[in-house]
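Morning, everyone. Have a look at the screen.

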Amino acid sequence: MNDRDRLTVTAALQGRARSRLGYTPGPMTTDPALSYAAPDEATATHRIFSGIQPSGIVHLGNDLGAIRNYVALQDQYEAIYCIVDYHALTSLHDPDALRRQTREMAASLLALGLDTTKCTLFVQSHRPEHTELAWLFATVTPVSWVERTPTYKEKREQQPDDVNHGLLTYPILQAADIVIYLSDRVPVGKDQAAHLELSREIVRAFNRRYGDTFPEPEAVFTEAPVVLGTDGVRKMSKSLGNAIEILAEPDVIRKQVMSMVTDTQRILRTDPGRPEVCNVCQLHRFFGPDFEEIWDGERTARTGCVDTKKLLADRIIAHYAPARERYLELMSRPDELDGLLEEGADRLRPKAEATMDTVRHRMGLR
């Protein structure tokens, strides 16, 4: 069997997998642009790119802070979403855990509304051109640029015994992730816009040296709330043990919600509460139009913190019940789920290869 026949058979098998999982394949992209041309604002569909760490089953902060926006943006842009397993290797060194968490993240994203007929979902390592472009970008990126990155300083503190080179060069790979498909938009919360600027600087440095090749990616500002964890202090994170796992069993969700810290100044049930500083009250904004009534109950002490937590747990469980069912269905068919991810990577292959052909030529490698 030659390479062309092998690719044909692979595509057919993946197509059948998609059909069984309830998806209809979209058209393959076969229009590799060899250099960047600024889109016509009146007619162009901008291409967005965003990556997410394979941290396993998603938590509430993931959904409210990113995934809900992913779902909305897939109807507005040509959307590419990537599970960044290369990036994960800077802190996760268990091969079995990485494989499992990558699959869990993919199933979570699909269960929560990503539609692979509207967007492309793939795993970063399935398109190795990302790392080649990152190395080439490294040759135009001053060391001082990556050393000043706030996330690098944070990671050094979080894992002082594992300050690997990948932590330092993480932003260079991130820039390659974004622009290898000539993406010109990146969804970010307004508080994270500065993180995108380093990618833009790297692109400018490359374009100055080798000619206009890549767009400077611009931010698409999204409503991305910073969701506090169950401790009410730090950002929600599974590694910190303060997450609400929205696709877990109802008893797990209920236990996590009931452990949440509320208004620390409300000591007695009869004391008036302060919903503006209560994390439980703030989360009610996302799970019902009556949140102001709930807040008023806390202010006047008509309701207690336990009552408000129980109601929040019930609403979270009910809201995510369909997604949990879908997640379990996807995870029960791992080969077909893997086929969807491979198909996403195959769909992007022409774009990645065309970009690298251009880059190699302009840098004198061909």
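In α10, the residues involved are Pro250, Ile253, Arg254, Val257 and Met258, and they meet Val306, Lys309, Lys310, Leu312, Ala313, Asp314, Ile316, Ile317 and Arg324 in α13. If you sort the residues of that contact by type, you get nine nonpolar, five charged and no polar ones. Before I go on, keep in mind that this is a predicted model.

How do the two helices sit against each other? When two helices pack, we describe them by the angle between their axes and by the distance between those axes. Here α10, which covers residues 250-258, packs with α13 at an angle of about 145 degrees, and the axes are 9 Å apart. The crossing of α10 past α13 is right-handed.

Now stay with α13 for a moment and look at the inside of the protein. The largest nonpolar core has 51 residues, and the ones with the most contacts inside it are Leu60, Tyr81, Leu109 and Ile316. Which helix gives the most to this core? That's α13, residues 305-331, with eight residues. You've already met Ile316, as one of the α13 residues that α10 touches.

What does Leu60 touch, leaving aside its neighbours within four places in sequence? The list is Met236, Ile244, Ile246, Leu283, Phe287, Ile316 and Tyr320. There's also another core, apart from this one, with 39 residues, among them Ala134, Tyr152, Ile202 and Ala205.

One more residue: Leu98, in helix α4, which runs over residues 95-111. Buried or exposed, what would you say for Leu98? Leu98 has a relative accessible area of 14%, so it counts as buried, because the cut-off for buried is under 20%. Beyond its neighbours within four places in sequence, Leu98 is in contact with Pro54, Asp85, Ala88, Leu89 and Leu92. Ser55 is 43 residues away from Leu98 along the chain, yet their C-alpha atoms are separated by 8.3 Å.

Finally, let's zoom out to the whole chain. The protein chain has 14 helices and five strands. It has 366 residues, and 48% of them count as buried. Among contacts with a separation of 6 or more, 78% are between residues 24 or more positions apart.

Technical notes. Residues are numbered from 1 along each chain as its sequence is written. This is a predicted model: local features need pLDDT of at least 70, side-chain atom pairs count only at pLDDT 80 or more; totals for chains, interfaces and linings use all residues. Side-chain values use heavy atoms; hydrogens and water are left out. Helices (H or I, at least four residues) and strands (E, at least two) are DSSP runs, numbered from the N terminus. Buried means under 20% relative accessible area, exposed over 50%, partly exposed in between (1.4 Å probe, protein chains only). Contact means heavy atoms within 4.5 Å. A nonpolar core is a set of buried Ala, Val, Leu, Ile, Met, Phe, Trp, Tyr and Cys residues joined through side-chain atoms within 4.5 Å. Axes are lines fitted to C-alpha atoms, for helices over the stretch in contact, and angles run from 0 to 180 degrees between N-to-C directions. A crossing is left-handed if the near helix is turned anticlockwise from the far one by less than a right angle, and right-handed if clockwise. Ala, Val, Leu, Ile, Met, Phe, Trp, Tyr, Cys and Pro count as nonpolar, Asp, Glu, Lys and Arg as charged, and the others, Gly among them, as polar.
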